[in-house]
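Please walk through this structure with the sequence at hand.

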Amino acid sequence: MLKTHGFALRYNPALDGLRGVAIALVILSHAHVPLFDGAFFGVDLFFVLSGFLITSLLLLELRAEGRIDCWRFYRRRLLRLMPALLLFLAVYVAVAPLLWPGQNDALTDALVSALYLADYGIAFFDQPASLLHMWSLSVEEHFYLIWPPLLALLVTRCQRGHVWRAIAVLWVLATLWRVLCVSWDQAFYQVFFRFDTRASGLLAGALLAALLHEQPDFIARARRHLHHALWLPLAVPVLMGLGWDSSDALSWGMPAVEGAAVVLLVAVQRQRGVVWQMLSTPALVKLGQLSYGVYLWHYPVVRYLRADLPWPLVVVMGGAISLALAALSYYSIERWALRWRDGHPPPARKRPTVSAPAH
């Protein structure tokens with residue numbers, strides 16, 4: 001169950017399963033597995049899911065209290081994310097000189113990562129040079145900083161039940177901005193890593209959250225015809241051919257993956273059906289529950305292994321080592337931080353119901 005203060009969304013194991021799919025794709029991408037050049041789209045699944053869950057919680061808080069306590073939100077996000085990140089960075093700074101003797105930028109890379117500046121750092125300054133995966137954490141952190149007050153502003157300025165329209169406009173603008181940057185022949189890595197060019201995935205998830213929260217008239221009709229849209233997730237494997245440096249991946253590949261993620265999220269909301277059962281597979285759910293830690297640890301592990309080992313061993317060994325390190329992190333420092341975060345329960349109240357169950 002995902003919570004913020006006294007508000008909670010009912011647990012949906014399929015959403016952890018979707019996280020499991022996303023982290024598996026990311027590992028395949030970084031292990032340089034043949035035919036999975038475009039597996040970096042797994043990060044877009046993370047973005048859509050994050051935007052959906054965070055916006056659902058914030059709208060729930062707005063409905064119950066009429067306001068968003070931004071500082072409370074920031075504190076809870078910090079305690080969820082920062083302890084595991086700092087542990088990982090501390091270990092990396094200590095171990096990197098032993099694994100890569102010629103590398104002398106571990107401390108600088110760790111500092112840029114800890115400050116959540118990796119997205120623009122990589123795009124414009126090649127920093128962090130050895131922790132490239134930190135960019136996506138920076139993108140999400142920028143969203144966490146900006147979105148609560150912006151969402152509250154949209155709610156106050158929009159007519160009741162029409163917030164989804166404003167978010168839809170933001171999603172269109174974010175997508176068009178990325179396409180425009182591509183048309184200006186900006187370097188692929190500059191467009192790929194930046195928050196302003198990757199915000200569309202987070203906004204796609206936010207848009208879905210607003211639609212399920214406000215329930216405009218067409219939502220019921222869309223649910224009845226959902227089966228016609230299930231072809232979109234099935235088409236995602238075709239996108240694996242859009243490898244690194246492909247402008248098509250930036251212009252239409254990412255919107256396609258965002259749309260597929262939205263369809264999957266809608267399909268599992270009622271917690272039944274084939275899609276829900278597939279994503280609720282216990283092993284996939286467990287991988288998703290540890291996905292944050294796996295994401296943190298996997299890149300230096302895979303990077304070290306792929307220098308000398310064939311990709312099947314990199315996937316198996318890298319995945320196993322990353323999963324073990326993630327579990328060690330989760331069952332030690334992360335659970336301690338979560339207990340500290342939740343150590344002061346809110347006053348007893350009747351918790352509002354939520355129309356769209358989610359994790």
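**A walk through the predicted model**

Start with Y116, which is buried, at a relative accessible area of 9%. Buried means under 20% relative accessible area, exposed means over 50%, and partly exposed lies in between (1.4 Å probe, protein chains only). Y116 sits in the loop between α4 (106-114) and α5. Its phi is positive, about 55 degrees, although Y116 is not a glycine.

A word on the ground rules. Residues are numbered from 1 along each chain as its sequence is written, and side-chain values use heavy atoms, with hydrogens and water left out. The model is predicted, so local features need pLDDT of at least 70 and side-chain atom pairs count only at pLDDT 80 or more, while totals for chains, interfaces and linings use all residues.

pLDDT is the predictor's confidence in each residue, from 0 to 100. The chain has a mean pLDDT of 91, and 93% of its residues reach 70 or more. Residues 345-359 fall below 50, yet this stretch has 42 contacts in the model beyond near neighbours in sequence. A contact means heavy atoms within 4.5 Å.

L35 also has a positive phi, about 75 degrees, and is not a glycine. L35 lies in the loop between α1 (13-30) and α2. L35 is exposed, with a relative accessible area of 74%. Helices here are DSSP runs (H or I, at least four residues), numbered from the N terminus.

Next, look at P128. The peptide bond from Q127 to P128 is cis, with omega near 0 degrees. P128 belongs to the loop between α5 (118-125) and α6 (134-157).

Now go inside. A nonpolar core is a set of buried Ala, Val, Leu, Ile, Met, Phe, Trp, Tyr and Cys residues joined through side-chain atoms within 4.5 Å. The largest one holds 114 residues, and F41, L85, W135, W147, L151, I167 and L296 touch the most other members. Helix α2 (residues 42-65) supplies the largest share of this core, 14 residues. Take L151. Leaving aside neighbours within four places in sequence, L151 is in contact with T55, L58, L59, L62, I68, V163 and I167.

V91, V95, L99 and Y304 make a nonpolar surface patch of about 280 Å². Patch residues have over 30% relative accessible area and no salt bridge; nonpolar side chains (Val, Leu, Ile, Met, Phe, Trp, Tyr) are joined within 5 Å, like charges within 9 Å. A salt bridge is a side-chain nitrogen of Lys or Arg within 4 Å of a carboxyl oxygen of Asp or Glu. Areas come from the Shrake-Rupley method with a 1.4 Å probe; for residues, only the protein chains shown count as cover. Helix α3 (residues 70-99) gives the most to this patch, three residues. Y304 is in helix α15 (residues 291-305). Y304 counts as partly exposed, at 39% relative accessibility.

Key: Helices (H or I, at least four residues) and strands (E, at least two) are DSSP runs, numbered from the N terminus.
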